[in-house]
Amino acid sequence: MINKISNSLLILAVGGLLFAGSAIAQTTTSGAGPGVVDPGHPRVNQVNGRETRQQNRIANGVKNGSLSPKQTSNLEKREANVQNREQKDMAAHNGHLTKAEQNGINRQQNRISKSIYKDKHK
């Protein structure tokens, strides 16, 4: 009898934990970051898509020899700064980016994009 009660309590406890865990999972975002698509947050997706495209441009420059190791290192550091800013901004707003934050990140990405072009065409 005590064994049946213990088993019932254990099942209820596990069920409660599973229920609570699923509720938490539904209220948080996927923690979208570079390369992670979160269909519910278009600003995050736009920023991440752009980061991916710029990383591909840098990789192509390395592959075809139009970027030197020093240029590549500089561009990668700047890209890392943008990614760190994005993570910090998202952490402050529960996985979201405000319009102002997106605009600031886009300005940084515009500068990096111009640098990629200049470095590849020297």
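**Exercise 1. The span of H4**

Task: In this predicted model, compare the span of the 22 residues of H4 with the value that 1.5 Å a residue should give.

Solution. 
Step 1. The expected span is 1.5 Å times one less than the number of residues, so the 22 residues of H4 should span 32 Å.
Step 2. The buried residues of H4 are Glu 101, Gln 102, Gly 104, Ile 105, Asn 106, Gln 109, Ile 112, Ser 113, Ser 115, Ile 116 and Asp 119. They pack against H2 and H3.

**Exercise 2. The span and surroundings of H2**

Task: State how far H2 reaches from its first C-alpha to its last, which of its residues are buried, and what covers them.

Solution. 
Step 1. H2 runs over residues 42-64, a total of 23 residues. From first to last C-alpha the helix reaches 33 Å, close to the 33 Å expected at 1.5 Å a residue.
Step 2. Val 44, Val 47, Asn 48, Arg 50, Glu 51, Gln 54, Ile 58 and Gly 61 are buried in H2.
Step 3. The cover over these buried residues includes H3 and H4.
Step 4. Pro 42 also belongs to H2. Its relative accessibility is 60%, and Pro 42 therefore counts as exposed. The C-alpha atoms of Pro 42 and Leu 97 are 9.2 Å apart in space, although 55 residues separate the two in sequence.
Step 5. After H2 comes Gly 65, with a positive phi near 85°.

**Exercise 3. The packing of H3 and H4**

Task: Classify the relative direction of H3 and H4 and describe the residues that make their contact.

Solution. 
Step 1. Two packed helices are described by the angle between their axes and the distance between the axes.
Step 2. For H3 (residues 69-92) and H4 (residues 99-120) the angle is about 170° and the axes are 11 Å apart.
Step 3. Angles over 145 degrees count as roughly antiparallel, so H3 and H4 are roughly antiparallel to each other.
Step 4. On the H3 side, the contact is made by Gln 71, Leu 75, Arg 78, Glu 79, Val 82, Arg 85, Glu 86 and Asp 89. On the H4 side, it is made by Glu 101, Gly 104, Ile 105, Gln 108, Gln 109, Arg 111, Ile 112, Ser 115, Ile 116 and Asp 119.
Step 5. Sorted by class, the contact of H3 with H4 has 5 nonpolar, 5 polar and 8 charged residues.

**Exercise 4. Salt bridges**

Solution. 
Step 1. Side chains of opposite charge can pair when their charged atoms come close.
Step 2. Arg 85 pairs with Asp 89, their closest N and O atoms being 3.8 Å apart. Both residues lie in H3, 4 residues apart, about one turn of the helix.
Step 3. An α-helix has 3.6 residues a turn, so residues three or four places apart point the same way.
Step 4. Asp 119 pairs with Lys 122, with 4.0 Å between the closest N and O atoms.
Step 5. Leaving out residues up to four places away in sequence, Asp 119 touches Ser 66, Leu 67, Gln 71 and Leu 75.

**Exercise 5. A positive phi in a loop**

Task: Locate Asn 94, describe its phi and decide whether Asn 94 counts as buried, partly exposed or exposed.

Solution. 
Step 1. Asn 94 sits in the loop between H3 and H4.
Step 2. Its phi is positive, about 55°, although Asn 94 is not a glycine.
Step 3. Its relative accessibility is 48%, so Asn 94 counts as partly exposed.

**Exercise 6. The whole chain**

Task: Give the element order, the buried share and the share of contacts that join residues at least 24 apart.

Solution. 
Step 1. The protein has 4 helices and 0 strands, and from the N terminus the order is α-α-α-α.
Step 2. Of its 122 residues, 28% count as buried.
Step 3. Among contacts between residues at least 6 apart in sequence, 63% join residues at least 24 apart.

Terms used:
Residues are numbered from 1 along each chain as its sequence is written. This is a predicted model: local features need pLDDT of at least 70, side-chain atom pairs count only at pLDDT 80 or more; totals for chains, interfaces and linings use all residues. Side-chain values use heavy atoms; hydrogens and water are left out. Axes are lines fitted to C-alpha atoms, for helices over the stretch in contact, and angles run from 0 to 180 degrees between N-to-C directions. Helices (H or I, at least four residues) and strands (E, at least two) are DSSP runs, numbered from the N terminus. Angles under 35 degrees count as roughly parallel, over 145 as roughly antiparallel, 65 to 115 as roughly perpendicular and the rest as oblique. Contact means heavy atoms within 4.5 Å. Ala, Val, Leu, Ile, Met, Phe, Trp, Tyr, Cys and Pro count as nonpolar, Asp, Glu, Lys and Arg as charged, and the others, Gly among them, as polar. Buried means under 20% relative accessible area, exposed over 50%, partly exposed in between (1.4 Å probe, protein chains only). A salt bridge is a side-chain nitrogen of Lys or Arg within 4 Å of a carboxyl oxygen of Asp or Glu.
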